[in-house]
Amino acid sequence: MFSVFRRGTARLAAVSLAAGLVATGAMALAGPAAADQGDRGAGGATAKLGGMTDFGPVDIKEANGSRWSVGRAGLFEMRTEQGGTLSTYCIDLRTGARQDFRYKEVGWDQSSLHDNGDAGKILWVLKNSYPEVAVKDLAEKVGAKDLDRNDAAAATQAAIWHFSDKVTATPADADAKLLTDYLLDKAQSLQEPKESLSLSPSSVAGKSGDRVGPVTVATSASTVTLALAPGAPAGIRIVDTNGTPVKAAKNGDRVFLDVPAGTPDGSAELTARATTGVPLGRAFVSTDGPSQTLILAGSSDAAVTAGASASWAKKGAVPAVTAAGNCVKGGVDVTATNEGDEAWTFDLKGAQHTVAPGGTMTVTVPVAEDAAYDFTVTGPNGFEKSFRGVLDCKTAAPGTKPSQAPSAMPTHAAPDDEDTDVSAASPTDEGDLAETGGSSATPVIAGIAAVLVVLGGGAVFFLRRKKATGR
């Protein structure tokens, strides 16, 4: 998990400031634009990237024969906003990672795994290696004599990079290499794990006097608590498919908002909360700007949340708008529905689109890989809903030189045709994580350091001389 390489740490930084917040319809109560993170099924775990916990050196050989080294390859620790902890490995070898960047749980289709036929084998590695399996048990399984936590983490990361980045990754330690070889030999393809918690779609619409929805609950928790956010109009109820009021749901349940006849046009937000361990193999992408994609290797119980909005009106257009990154098309799919009895016309990036009554329309907004997007859907009666984030669907290409993060110090050496002997770098003040490889900036830094030493010595000499002449 770790290498800090290319596209600085903000991968898919679809900022989830309001995952699934209210998408107010074409009615008088449309308020300020809500920023949506732009991914499917709003909700899940969010966490801040910390430091590395267990790691070791790994040698990398590209398909073209070039070689380089990763000084620190292994586990990252992340902390959820509610106090839980997550352990993750890297699934984007040549992309940089930034300490303290915020990350969000997403499905494989919203990450660099979307077109990776070996994604299921990465999950097998996670389930059959460290930290899911004790180091002692792994050592006995592969016949290693001195395997420790650092070796096990480096070995696991090396096996993952084989499947995520299509490189030959070899741990420097002999026992670690035994474990990597075992994992690569035994790996089998497993099915993608389900999300910790999501509500889909994140925005629905309908007529007052009816049930608005459905919204489907997907979760790894045994039960999910449901509630209406403060400010919901009186009389609104959360109900199941039979119309029975509910305060909780389980995976696969469909729920609605029951809006009594005569309720003024408006909107409300449904919130879902649960405490659960995040399933192994869930992808995590940055929401603070471009950064490497991570994959979950271990989780304590964490509080997870999700939200979905509902809008209604007595007559006229009743729109709902959602957005989701489309890694296949290289853009963001904006989907607009209209549950009203009149056509609804909205504006997206200067172009107008009309959705017929009862209709649905999806418009794909092209976005370059690793590029930030920020756009707003507007419509009649003050309708506004904003989406912003970063499209992050690919691992960096072989031979790609790491892009500079905001930090002045690169965190990884660029691949070349020579074997590279590098040592691990320390985290910088700007927040770059310890490289998990070498730094091509080392000679430059050394030169700067030398200059500073000379300047410092000169300053001391000057001050002493001034002091002497001033006597």
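Colleague: Where does Thr180 sit?

Modeller: Thr180 is placed in helix H4, which covers residues 174-186; helices here are DSSP runs of H or I with at least four residues, strands are runs of E with at least two, and both are numbered from the N terminus. This is a predicted model in which local features need pLDDT of at least 70 and side-chain atom pairs count only at pLDDT 80 or more, while totals for chains, interfaces and linings use all residues. Residues are numbered from 1 along each chain as its sequence is written, and side-chain values use heavy atoms, with hydrogens and water left out.

Colleague: Is Thr180 buried or exposed?

Modeller: Thr180 counts as buried because its relative accessibility is 1%, where buried means under 20% relative accessible area, exposed over 50%, and partly exposed in between, with a 1.4 Å probe and protein chains only.

Colleague: What does the side chain of Thr180 reach?

Modeller: It reaches the backbone oxygen of Ala155 at 2.9 Å. Setting aside neighbours within four places in sequence, Thr180 is in contact (heavy atoms within 4.5 Å) with Ala155, Ala158, Ala159, Ala169 and Pro171.

Colleague: Changing topic, how many aromatic pairs are there?

Modeller: The count comes to four, taking rings of Phe, Tyr and Trp (its six-membered ring) as paired if their centres lie within 6.5 Å, with planes under 30 degrees apart counted as stacked, over 60 as edge-to-face and the rest as tilted. The pair of Trp344 and Phe346 is stacked because the ring centres are 5.2 Å apart and the planes lie at 25 degrees, and both Trp344 and Phe346 are buried.

Colleague: And what about Phe375 and Phe387?

Modeller: Those two form a tilted pair, 6.0 Å centre to centre with 45 degrees between the planes. Phe375 belongs to strand S23 (residues 372-379) and Phe387 to strand S24 (residues 383-390), twelve residues apart. Phe375 counts as buried at 4% relative accessibility, and Phe387 is buried with a relative accessible area of 0%.

Colleague: Which residues do ring pairs link into a cluster?

Modeller: Ring pairs link Trp344, Phe346 and Phe383.

Colleague: Last one: how do the axes of H1 and H3 cross?

Modeller: The axes of helix H1 (residues 119-127) and helix H3 (residues 149-164) come within 9 Å and cross at roughly 170 degrees; axes are lines fitted to C-alpha atoms, for helices over the stretch in contact, and angles run from 0 to 180 degrees between N-to-C directions. H1 and H3 are therefore roughly antiparallel to each other, a label for angles over 145 degrees, whereas under 35 counts as roughly parallel, 65 to 115 as roughly perpendicular and the rest as oblique.

Key
Polar contact = N/O pair within 3.5 Å; in protein donor to acceptor, adjacent residues only side chain to side chain.
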